[in-house]
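Here's a quick briefing to keep beside the model while you look around. We'll start inside the protein and then step back to the whole chain.

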Amino acid sequence: MWSYIEYLKDPHLVLHIQKFFGVSFKEDKKLINLKKNDKLLFEETELLSDDSESHKFLDNHDYDKSNSEELSSDSESEKKNYKINSLFWYYVFVLGTELGDEIFYATFIPFWFWNIDGAVGRRIVMVWTIVMYIGQGLKDIICWPRPSSPPVFRLQKKWALEYGMPSTHAMVGVSIPFSVLLYTMQRYEYPFLIGLCVAVLWCSVVSISRLYLGMHTVADVMAGIILALVLLVPLVPLVDQMDMFLLTSRWSPVILLTLSICVIMFHPKDKIWTPTRGDTAMIVSVCVGIHIGAWTNFQLGQMSVSPSSPPYTVIWPTYETLGLVFLRCALGFSCIVATRAMCKSAGYATLSALGVSTEPTETPSSLKNTIDLIFKYITYSLIGFNTLHLLPSTFKMLSIDRPTFYTEI
């Protein structure tokens with residue numbers, strides 16, 4: 001069993017997958033010249049006598065060889081020593097990996113609430129948060145490194161400081177599309193087989209993208225997929241029941257705030273700093289803000305039960321509704337960007353006032369890390385709250401709201 005796991009952890013297996021999709025080695029011209037010089041120098045040293053001048057010459061030659069070794073292993077060589085033979089697969093997998101990034105969360109989640117279905121959206125966000133928290137925590141418990149480069153071509157370095165096991169991109173690639181499928185298949189009338197195909201394709205593209213970009217081993221990706229599928233079995237019905245409680249209980253904000261702060265404080269930590277805890281704080285705070293926003297709508301009497309019962313007919317957009325979608329997104333995303341910018345400026349101002357450097361470092365100080373977590377929590381909680389309460393209220397005031405928004409309990 002362990003030998004099979006070691007095989008799946010082998011970086012050469014990732015390299016084979018990269019080559020299959022058109023990534024190949026491109027030797028640097030500097031390296032070629034250095035190799036040629038090495039050959040010439042070696043031929044010349046055979047003719048040199050064993051005197052002081054020859055020793056000096058050989059010392060210089062060794063120095064050049066050390067430079068060539070550095071060149072072949074540093075970050076510059078990683079950028080230059082591969083070539084993309086298939087732009088199609090490159091763009092497919094670069095876009096695929098973005099389905100597990102902050103930009104995707106910041107666009108997909110608000111878009112879903114403003115234009116599709118709030119009841120399904122709340123459940124998806126809760127499932128996504130729990131799955132990601134477990135996955136991120138396991139990374140700092142297991143502490144398995146990402147595939148070594150070389151031999152793997154590292155096409156992306158954004159998450160390089162995090163550990164690799166399990167792949168949380170793969171977990172998101174399972175949890176989001178399949179939770180959408182499970183929560184909508186009895187709520188809306190649409191071909192289940194088409195939804196299943198979309199979910200499988202989504203999951204496949206996200207998972208393979210992590211191998212293509214050299215960010216995970218096959219073992220990381222397989223573990224992420226299996227773990228997410230196992231977690232969905234109890235989570236989907238459990239979250240379905242939790243949603244009504246979080247929407248109606250007057251203690252809901254207290255429970256959400258207390259629980260979220262505790263899980264961030266007690267998030268598993270390794271001796272070496274990684275950005276995992278900060279990313280987890282962002283995810284948890286978005287979930288808290290969204291559910292408190294929905295709770296506020298319910299407590300203000302703005303939400304009511306839909307007059308009709310599911311399954312509902314899918315209402316396809318017309319030119320008029322597409323225009324309203326555009327207006328909601330333009331106004332909503334502008335507000336989200338402004339909220340993030342203001343909170344970020346406040347965070348920098350706080351760091352400066354406390355005399356803490358605002359320059360990015362690989363290992364931030366304890367104080368800087370704490371302040372960063374606090375402002376991430378505040379920022380993304382506000383974004384989540386604005387997404388569910390402030391912005392829909394603004395849409396309603398401007399008569400560009402979605403009519404069924406407040407009937408989705």
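The second largest cavity holds about 50 Å³ of space. Keep in mind that this is a predicted model, so treat what follows as computed from the prediction.

**Second largest cavity**
- Its lining is made up of G118, R122, A294, N297, M303, L388, F405 and E408.
- Two helices, α8 (118-142) and α13 (276-299), are the elements that put two or more residues into that lining.
- Sorted by class, the lining of the second largest cavity has 4 nonpolar, 2 polar and 2 charged residues.

**Largest cavity**
- The volume of the largest cavity comes out at about 50 Å³.
- Around the largest cavity you'll find F113, W114, R328, P392, F395, D401, R402, F405 and Y406.
- Helices α7 (102-115) and α15 (366-397) each contribute at least two residues to the lining of the largest cavity.
- Nonpolar residues number 6 in this lining, charged ones 3, and there are no polar ones.

**Cavity count**
- Counting those of 30 Å³ or more gives 3 cavities.

**The whole chain**
- The protein chain has 15 helices and 4 strands.
- Of its 409 residues, 46% are buried.
- If you take contacts between residues at least 6 apart in sequence, 82% of them link residues at least 24 apart.

Methods:
Residues numbered from 1 in each chain as written. Predicted model: local features only at pLDDT ≥ 70, side-chain atom pairs only at ≥ 80, totals over all residues. Heavy atoms only, no water. Buried < 20%, exposed > 50% of the residue type's maximum accessible area, 1.4 Å probe, protein only. Contact = heavy atoms within 4.5 Å. 1 Å grid on protein atoms, 1.4 Å probe; cavity = no way out; pocket = protein on both sides within 12 Å on 5 of 7 lines; lining within 4 Å. Points joined across faces, edges and corners; volume = space filled by probe spheres on them. Nonpolar A, V, L, I, M, F, W, Y, C, P; charged D, E, K, R; others polar.
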